[in-house]
Amino acid sequence: MAGGSEIFYGGIPVFRGFARLMDPALYSPLPEDWSIGIADIVDSTGAIAAQRYKAVNMAGAAVIAAVTNALGGREFPFVFGGDGASFAVAPADLDRAREALAATARWVHDDLDLVLRVALVPMAAIRAAGADVRVARFGPSANLSYAMFSGGGLAYADAAMKRGAFAVDPAPQGTQPDLSGLSCRFEVMPSARGLILSVLVLPAKNADPASFRKVIEDIVVRIEKSPDAGRPVPASGPPLHWPPQGMEYEARARRGGPLALRRAVVLTFALWAYTLMRFNIPVGKFAPKRYLQQVVENSDFRKFDDGLRMILDCTPELAADIEQRLAAAAAQGIVRYGLHRQDAAMMTCFAPSALRSDHVHFIDGARGGYASAATALKARAV
């Protein structure tokens with residue numbers, strides 16, 4: 001049964017050109033009866049220090065996969081945050097989203113040995129607190145669009161969740177979400193231009209909105225001038241080996257049967273897929289070369305969710321230029337920011353069907369990424 005997702009979100013025009021992301025005219029206020037879903041890993045800093053990068057990203061992407069599958073694949077606004085995710089749902093979808101969140105929290109605990117806290121925050125509560133949620137749709141390619149959020153409502157929801165408000169408890173032991181299509185078979189992607197830079201920029205408290213917008217636009221203009229706008233995914237697609245490094249996580253994401261059997265199924269299917277991709281063997285309507293092109297085009301390496309998040313492949317000179325601009329803006333009380341340098345990026349994929357062009361590929365830094373940038377931001381604020 002169709003919910004309200006198509007009615008509101010499907011009616012928002014898709015904009016092209018990332019440099020336009022700060023134009024307030026692109027953003028539509030979320031309906032009053034909708035809710036914000038929010039999730040993050042407790043002590044993601046500790047998990048990152050233990051080099052559990054893949055597990056942290058898998059947990060964040062699992063939230064989006066579980067809710068998408070629970071809603072029958074319908075479009076809804078979401079954003080991947082590396083160690084978590086945020087999304088918005090209509091009233092008709094609220095119960096299914098709650099069940100998906102509860103099941104995902106249980107799965108993350110039982111199969112990834114991490115703690116995922118989750119909450120569902122009513123829009124009425126967000127607006128009563130003086131914040132808002134406005135949504136835009138950015139199209140990185142003709143294949144799909146990603147949601148962008150403004151208004152401060154996601155930041156309010158995140159803070160409320162961390163206070164313990166609006167919490168969704170984990171489902172009973174043994175409950176498993178539907179994570180069909182979630183995988184992480186591609187290898188890490190080494191920098192081709194010098195380094196992979198994780199960028200997180202938030203408005204400072206009481207910052208002038210026009211000044212904050214100017215800083216973000218300045219940063220984006222600098223990046224747009226760089227090769228391929230800093231995209232960390234190689235033009236030929238990310239490396240793919242067999243056996244895939246993310247096999248264990250994908251096996252645990254599958255439903256049904258003993259874990260050993262699920263591992264065998266994933267290994268067998270991954271070998272078949274690797275053979276098709278490695279030797280460019282088309283099967284029916286599936287064309288490996290076209291699929292890899294879509295992987296590159298669909299990569300989610302930059303976004304806005306009350307702040308700017310990016311994973312960039314850039315030169316040390318561009319990284320220094322970005323840091324200098326942000327440091328100056330921070331000194332003026334306009335922004336808070338965190339940067340993290342590493343040598344590679346990684347990808348976590350959500351592809352319910354390889355025959356469709358709207359498969360989603362979440363990008364993070366391969367050595368800490370967004371979580372480490374957030375840690376740097378917090379340390380700078382002390």
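Which residues form a nonpolar patch on the surface? They are Phe-269, Trp-272, Phe-279, Ile-281 and Val-283, with about 490 Å² of accessible area together. The model is predicted: local features need pLDDT of at least 70, side-chain atom pairs count only at pLDDT 80 or more, and totals for chains, interfaces and linings use all residues. Residues are numbered from 1 along each chain as its sequence is written, and side-chain values use heavy atoms, leaving out hydrogens and water.

**Surface patch**
- Patch members have over 30% relative accessible area and no salt bridge; like charges are joined within 9 Å, nonpolar side chains (Val, Leu, Ile, Met, Phe, Trp, Tyr) within 5 Å.
- A salt bridge is a side-chain nitrogen of Lys or Arg within 4 Å of a carboxyl oxygen of Asp or Glu.
- Areas come from the Shrake-Rupley method with a 1.4 Å probe; for residues, only the protein chains shown count as cover.
- Trp-272 sits in helix α9 (residues 259–278).
- Trp-272 is partly exposed because its relative accessible area is 45% (buried is under 20%, exposed over 50%, partly exposed in between; 1.4 Å probe, protein chains only).

**Sheet**
- Four strands make an open sheet in the order β13-β14-β11-β15, with antiparallel pairing (two strands pair if DSSP finds at least two bridges between them).
- Its edge strands, β13 (302–304) and β15 (335–342), each pair on one side only.
- Neighbouring strands of the sheet are turned by 15° against each other on average, direction ignored.
- Strands (E, at least two residues) and helices (H or I, at least four) are DSSP runs, numbered from the N terminus.
- Three antiparallel bridges link β13 to β14 (residues 308–314).
- Arg-302 has Met-310 in β14 as its bridge partner.

**Helices on the sheet**
- Helix α11 (residues 316–331) packs on the sheet and touches β11 (195–203), β14 and β15 (contact means heavy atoms within 4.5 Å).
- The direction of α11 makes about 160° with that of β15.
- Axes are lines fitted to C-alpha atoms, for helices over the stretch in contact; angles run from 0 to 180 degrees between N-to-C directions.
- Helix α12 (residues 369–381) lies across β11, β13, β14 and β15, at about 135° to β15.

- Lys-214 belongs to helix α7 (residues 209–224).
- Its relative accessibility is 44%, so Lys-214 counts as partly exposed.
- Lys-214 and Asp-364 lie 150 residues apart in sequence and 25 Å apart in space, C-alpha to C-alpha.
- His-241 is in the loop between α7 and α8 (247–253).
- His-241 is partly exposed, at 44% relative accessible area.
- Not counting residues up to four places away in sequence, His-241 touches Glu-187 and Tyr-274.
- His-241 and Thr-275 are 34 residues apart in sequence and 9.8 Å apart in space, C-alpha to C-alpha.
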